[in-house]
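Open the model in a viewer and keep the sequence alongside. The stops below are given in the order in which to select them.

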Amino acid sequence: MLIKNINGISNSNCACGNWLKHWENFSHYQSISFCVVKNCCNRDLDGVHVQKADSPLDEWYIIPLCSVHKTSKGELEITDAYKLVSANKKETCEK
Ligand SMILES: [Zn+2]
Ligand SMILES: [Zn+2]
């Protein structure tokens, strides 16, 4: 799956405490060890706002990325096993 990292949203936190916790809470993965970008083994993760590269919709998702990929612009290929979690608080933790 291709995602776009365009750093478009300020990093204000949600009710989960931080966006990585938000991803864990709503992805139903108990924990994550590595960055979700293919062939990346970095462990310094943060929950980052991204969009689907092939979607015409302006929807925001959270995905765990390392400090390198967090700041890299453009499209990233991620491992399909990991779910994108909606960044829309009204549909998740602040429902
Ligand atoms: Zn949350
Ligand atoms: Zn990475």
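Select ligand 1, a zinc ion, in this predicted model. Its donors are the SG atoms of Cys 14, Cys 16 and Cys 93 together with ND1 of His 22, at 2.1 to 2.3 Å. Display the angles around the ion: the 4 donor atoms subtend 102 to 115 degrees, so the arrangement is tetrahedral. Along the sequence, the spacing of these donor residues reads C-x1-C-x5-H-x70-C.

Keep Cys 14 and Cys 93 selected. Cys 14 sits in the loop between strand 1 (2–5) and helix 1, while Cys 93 belongs to the segment after strand 5, so the pair ties together parts 79 residues apart in sequence. Are these two cysteines buried or exposed? Cys 14 has 9% relative accessibility and counts as buried because the cut-off is under 20%. Cys 93, with a relative accessible area of 22%, is partly exposed.

An α-helix has 3.6 residues a turn, so residues three or four places apart point the same way.

Next, look at the two ends of helix 1. At its start, select Asn 18, where a side-chain oxygen comes to within 3.0 Å of the backbone nitrogen of Leu 20. After the helix comes His 28, with a positive phi near 65 degrees.

Move on to ligand 2, also a zinc ion. What coordinates the zinc ion here? Cys 35, Cys 40 and Cys 66 each supply SG and His 69 supplies ND1, at 2.0 to 2.3 Å. The site is tetrahedral, with angles of 102 to 114 degrees among the 4 donor atoms. Its donors are spaced C-x4-C-x25-C-x2-H along the chain.

Within this site, pick out Cys 40 and Cys 66. Cys 40 is in the loop between helix 1 and strand 2 and Cys 66 is in strand 3; 26 residues apart, the pair links distant parts of the chain. Colour both by accessibility to finish. Cys 40 counts as buried at 11% relative accessibility, and Cys 66 counts as buried at 0%.

Key. Residues are numbered from 1 along each chain as its sequence is written. Chains are lettered from A and ligands numbered from 1 in the order in which they are written. This is a predicted model: local features need pLDDT of at least 70, side-chain atom pairs count only at pLDDT 80 or more; totals for chains, interfaces and linings use all residues. Side-chain values use heavy atoms; hydrogens and water are left out. A polar contact is a pair of N or O atoms within 3.5 Å; within protein, one must be able to donate a hydrogen and the other to accept it, and residues adjacent in sequence count only if both atoms are side-chain atoms. Helices (H or I, at least four residues) and strands (E, at least two) are DSSP runs, numbered from the N terminus. Donors are N, O and S atoms within 2.8 Å of the metal (3.2 Å for Na, K and Ca); water is not among the atoms, so sites may look incomplete. Four donors count as tetrahedral if all angles lie between 85 and 135 degrees; four count as square planar and six as octahedral if opposite donors are over 155 degrees apart and all others between 65 and 115; anything else is irregular. Buried means under 20% relative accessible area, exposed over 50%, partly exposed in between (1.4 Å probe, protein chains only).
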